[in-house]
Amino acid sequence: MLNEFKNFIAKGNVMDMAVGIIIGAAFTAIVTSLVGDLINPIIGVVTGGVDFSNLFVNLGEGEFASLAAAQEAGAPVFAYGSFLTAVINFLIIAFVVFLLVKMVNRVKDAAVKKEEAAAAPAGPSELDVLLEIRDALKK
C-alpha cells in the first residue's frame, strides 16, 4: 500500500496539480491586489465613487451608516454589494486566467511546431529525384 501511494504521488499529473495549486495560491495575492488596488478604484471613479462592498439593505430595525456598523450591531443585512464585489473579482480572475492559459497554449503550440519541423525528415529535392530518374533510364 505504501508503494502504491509512492507511485501515485510520483505520477506527473499529481505533481503538476500540486505545483498548480501552489502557484494558484501565490497568484491569488497578486490578483487580489490587482482588483482591490487598481480595478475597483477605477470602477469607483466610473460609477461616481460608489463602493460596491458597502452596499446593503438593512432587514432589521435601526439606521446604519455602513455595512460594518450594521454587522457589528448584529442587524440582519442583505449585503448585495459584497456579492457584487465577489462577482467582479471572479470575472477579473477568470479573464486573467484565460489570458494566461491562452499565452501558455500559444507557447506550447510554437514549441510543438518547432519540434515537428525539426523532426520531419527532409525528403529528396526535385533535383535529386530527376537525377535518380536519369540514372535509372541510363541503365
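# Exercises on a predicted model

**Exercise 1.** Why does the span of helix 5 agree with its number of residues?

*Solution.* Helix 5 (residues 126-138) has 13 residues, which at 1.5 Å a residue should span 18 Å; its end C-alpha atoms lie 19 Å apart, so the two values agree. The expected span is 1.5 Å times one less than the number of residues. Helices (H or I, at least four residues) and strands (E, at least two) are DSSP runs numbered from the N terminus. The model is predicted: local features need pLDDT of at least 70, side-chain atom pairs count only at pLDDT 80 or more, and totals for chains, interfaces and linings use all residues. Residues are numbered from 1 along each chain as its sequence is written, and side-chain values use heavy atoms, with hydrogens and water left out.

**Exercise 2.** Compare the span of helix 4 with the expected value, and name its buried residues.

*Solution.* Helix 4 (residues 80-119) has 40 residues and reaches 57 Å from its first C-alpha to its last, close to the expected 58 Å. Its buried residues include G81, T85, I88, I92 and V96. An α-helix has 3.6 residues a turn, so residues three or four places apart point the same way.

**Exercise 3.** Where does V35 lie, and how far is V35 from I88 in sequence and in space?

*Solution.* V35 belongs to helix 2. Its relative accessibility is 3%, so V35 counts as buried. V35 and I88 are 53 residues apart in sequence and 8.5 Å apart in space, C-alpha to C-alpha.

**Exercise 4.** In which loop does L59 lie, and is L59 buried or exposed?

*Solution.* L59 lies in the loop between strand 1 (57-58) and helix 3 (67-72). Its relative accessibility is 57%, so L59 counts as exposed.

Note on methods:
Buried means under 20% relative accessible area, exposed over 50%, partly exposed in between (1.4 Å probe, protein chains only).
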